[in-house]
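Hi,

Here is the structure I promised to pass on to you. My notes on it follow just below.

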Amino acid sequence: MQLSQKNIDDIIEVVRLAGSKEILPVFRNLLPEQISKKSKQNPRDLVTIADHAAEKFIQTEISKILPKANLVGEESVAENPKLLDLIGTSDMCVIIDPIDGTGNFATGLAVFGTMVAVVIRNETIFGLLYDPIVDDWIFSKHGEGSWFVNSNGRPSSIQTRAYRPHYNARGFLALDDYSANDRSTLYNGFASIAQIHDIRCSCHEYRQIASGEADFLRSFSLKPWDHAAGQLVLKEAGGWAAVDGLMNYKPSLYSGRMIAASCRDLGEEITQISSTLP
């Protein structure tokens, strides 16, 4: 199974429509009863009516574009975890995160996005990182670089910035996901880094690194909708990514921490810093 340029153009248009029809109309207009928690174990893991509506819209429309592909959405997996098995076993699978950064979205913070990855036999061959607020996106097709496109449709090639040592680097850590003790340990372990941020949105973390605005990220978990699209975009922009800094990423890997960086040298520095941390 292959992915044509028309397929790519159609997928991008579907995601843009989901943003304008299902996401933006309720942004900063959500009622309390339209926001819920996915689990008692993690009260910060929120879902809204917009997550469900956008995922349903994207799945319905992509099934028309790629009728033989299996579709795996974050909210669908929350209801049926067995869907995850499709990622590693399908000839073609589409992984969808309708609103990455739901916590930000639910509280009215404009740092969220939609992520879509097309995976063929457990290898990501297309990734899309879309920002509904300004209607721009970054996309990559395997072997063809990474491209930023603004709302008027003009693409421009993007590239990670040149190596900066960790003590001059700007990066992302998901500090809020850790216990208080582990958070303190992690923060102290990264004390030599110039700038540490926690923006609660993988979509914009990958966008920032791929476009040369930041230097690295270290993830808390390896959920496929958080990384399948982003790591391809980053690598195609000249960056580097590996699970725990050691293992090549596969969308079917669900255990470990993603370490992603503007280049291998910095990635290896972050791996060394991370090796004894939670």
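**What I found**

Strand β4 (residues 92–100) has nine of its nine residues buried, so it is largely enclosed by the rest of the structure. Buried here means under 20% relative accessible area, with exposed over 50% and partly exposed in between (1.4 Å probe, protein chains only). Helices (H or I, at least four residues) and strands (E, at least two) are DSSP runs, numbered from the N terminus.

Before going on, two notes on the source. This is a predicted model, in which local features need pLDDT of at least 70 and side-chain atom pairs count only at pLDDT 80 or more, while totals for chains, interfaces and linings use all residues. Residues are numbered from 1 along each chain as its sequence is written, and side-chain values use heavy atoms, leaving out hydrogens and water.

Back to β4. It pairs with strand β3 (residues 70–73) in the parallel sense over four bridges; pairing requires that DSSP finds at least two bridges between the strands. Leu-71 has Val-94 in β4 as its bridge partner. With strand β5 (residues 113–120), β4 pairs in the antiparallel sense over seven bridges, and there Asp-100 stands opposite Gly-113.

Next, the helix pair. The axes of α1 (residues 5–23) and α2 (residues 49–65) come within 9 Å and cross at roughly 155°. Axes are lines fitted to C-alpha atoms, for helices over the stretch in contact, and angles run from 0 to 180 degrees between N-to-C directions. The two helices are therefore roughly antiparallel to each other (over 145 degrees; under 35 is roughly parallel, 65 to 115 roughly perpendicular and the rest oblique). Residues of α1 including Ile-11, Val-14 and Leu-17 meet residues of α2 including Phe-57, Ile-58 and Ile-62, where contact means heavy atoms within 4.5 Å.

Then there is an open sheet of five strands, in the order β11-β10-β12-β14-β13 with mixed pairing. Its edge strands, β11 (195–197) and β13 (240–243), each pair on one side only. On average, neighbouring strands of this sheet are turned by 15° against each other, direction ignored. Within the sheet, β10 (residues 170–173) and β12 (residues 216–218) pair in the parallel sense over three bridges, and Leu-173 stands opposite Arg-218 in β12.

Helix α9 (residues 264–274) lies across β12, β13 and β14 (258–261), running at about 145° to β14. Among the buried residues of α9 are Leu-266, Ile-270 and Ile-273. Their cover includes α6 (180–189), β12, β13 and β14.

Best wishes
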